[in-house]
Amino acid sequence: MAVSGDDRVGLDQLDADGEPPEFDLTPREPRPSDSGARGGRNRRRWIAAVVLLVVVAAAAFLVTKALGSATDYFYQADQAVAHRSDLGTQRFRVQGTVANTPSAAKLTENSQKIEFQLAANGVTVPVIYTGSDPPALFARCEPVVIVGHWQSKADDAPFIGTQIIIKHTESYTAEHADRMKSDPECRVTPS
Amino acid sequence: MTSIDTGLRAAPKTVDAPTPAPIGTGSRGSRILGVITLALTGLGVLYGLVISPPDANQSNAARLLYIHVPSAIVAYVAFGVTAFASIMVLWKKTETWDLIAASSAEIGIVFTMVCLATGMLWGRPIWGVFWTWDARLTTTALLLVLFVGYVALRRALAGNPNRAKWCAIAGIFAAIDVPIVHESTTWWVTLHQGQTVRLLGESQIGGTMLFSLLIMMVAGMCGYVWMLIIRFRVAFLAERVDETAFDAAIAERRSEAEKSRAVPTIATSEAQ
């Protein structure tokens with residue numbers, strides 16, 4: 001086994017004054033490199049402990065998030081109408097399908113404002129959306145989630161939307177196949 | 001220098017004593033699996049990007065499904081293996097199960113990240129947002145954080161004789177989130193869609209789209225087993241480094257002792 005380290009001298013190495021060096025036969029202390037390695041390991045352990053702490057904090061944050069908004073991600077349009085008085089003008093998410101019935105086909109669009117009817121379980125809600133451009137998939141018969149609030153507690157008050165999110169379904173169909181919509185108010189819309 | 005006491009019996013001293021311990025990071029099995037994974041991934045790329053048609057609604061963004069869903073499934077399996085191995089650690093108290101639990105968790109983290117990344121890339125053009133705090137997304141983020149915490153715990157407890165036990169408990173605890181993630185779209189209202197591929201009942205996908213997805217699922221599983229073998233062997237060898245370092249240190253001291261036994265007679269006689 002090769003012996004390394006400069007604290008060892010062979011017989012052919014003499015001190016500057018020509019005397020052979022004294023040999024210390026007492027058990028050796030760990031070399032500085034050993035303690036250095038141990039220090040590095042301690043430091044790594046500290047870093048890991050800090051990471052662990054951050055992770056626990058992040059987990060706690062996510063759990064609170066999950067218990068809060070995530071479990072009640074949205075109200076269906078009919079639920080939003082039913083809870084109108086409780087909800088007041090606070091911010092929440094409402095889900096429904098962009099209506100396509102002749103009476104509700106009012107998808108007016110200009111640079112500032114989009115007005116449309118949001119339908120779910122036979123209840124339609126007038127929505128006035130003001131915000132940035134809606135997602136590319138925003139269209140009639142498309143299930144969407146609108147972030148916003150009731151304009152007032154009045155029964156005919158519209159829902160003021162500030163963000164449109166597409167609620168995509170789990171079905172995947174090849175392009176050019178006949179598109180069938182299951183929503184009763186958007187029966188069959190050929191693509 | 002002391003060997004790190006992991007509180008576990010080292011593999012050679014247990015039942016698998018006569019089996020040859022890994023001496024490299026790869027085995028014949030891992031090399032074969034590597035080739036299969038590569039071939040299946042190549043086929044998956046061909047089907048996913050060329051042969052399968054664009055989706056009627058989502059157009060080409062739908063192709064992210066072929067990575068997103070398999071990576072989620074592999075992550076579930078990886079964390080499930082961590083949970084199973086953790087139970088075995090508490091029961092059998094062997095180093096092998098402890099290293100399998102740790103290796104599988106690390107791979108699970110990678111696949112969870114791939115799943116989240118592809119989901120966000122898909123979400124921006126389809127939903128309109130990269131991220132939203134619905135139940136599926138929140139519990140998946142939690143899953144990632146829990147297992148990053150598991151790995152951090154292993155590092156923090158390095159050298160602790162009870163590390164395997166504590167980490168096994170943490171691993172089992174973290175894996176509880178796996179079924180919660182899976183069921184989140186049925187338990188709560190979520191923006192995230194429900195299951196597309198069902199083992200029971202009709203899948204919401206078919207033809208070459210389904211076939212592309214299945215290829216990538218098999219490729220993902222092969223890739224997982226391949227990585228698990230390699231990661232386990234690296235972890236096993238890393239544990240051995242401490243042992244060999246201990247042996248080397250003893251050999252070094254012995255050779256010193258022999259040298260110094262020879263040296264003093266000459267040195268002292270000349271000094272006097």
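A: A crossing is called left-handed if the near helix is turned anticlockwise from the far one by less than a right angle, and right-handed if clockwise. Helices (H or I, at least four residues) and strands (E, at least two) are DSSP runs, numbered from the N terminus. This is a predicted model, in which local features need pLDDT of at least 70 and side-chain atom pairs count only at pLDDT 80 or more, while totals for chains, interfaces and linings use all residues. Residues are numbered from 1 along each chain as its sequence is written, and chains are lettered from A and ligands numbered from 1 in the order in which they are written.

Q: How many helices and strands does chain B have?
A: Chain B has seven helices and zero strands.

Q: At what angle do H3 and H4 of chain B pack?
A: Two packed helices are described by the angle between their axes and the distance between the axes. Axes are lines fitted to C-alpha atoms, for helices over the stretch in contact, and angles run from 0 to 180 degrees between N-to-C directions. Helix H3 (residues 95-126) and helix H4 (residues 135-156) of chain B pack at about 150 degrees, their axes 10 Å apart. The crossing of H3(B) and H4(B) is left-handed.

Q: Which residues of H3(B) and H4(B) meet?
A: Contact requires C-beta atoms, placed from the backbone, within 7 Å. Among them, B:Ala105, B:Ile109 and B:Leu116 belong to H3(B), and B:Leu144, B:Phe147 and B:Val151 to H4(B).

Q: What is the average pLDDT of chain B?
A: The pLDDT is the predictor's confidence in each residue, from 0 to 100. Chain B averages 87, and 88% of the residues score at least 70. Over residues 11-18 of chain B the pLDDT is below 50.

How values were computed. Two residues are in contact if their C-beta atoms, placed from the backbone, lie within 7 Å.
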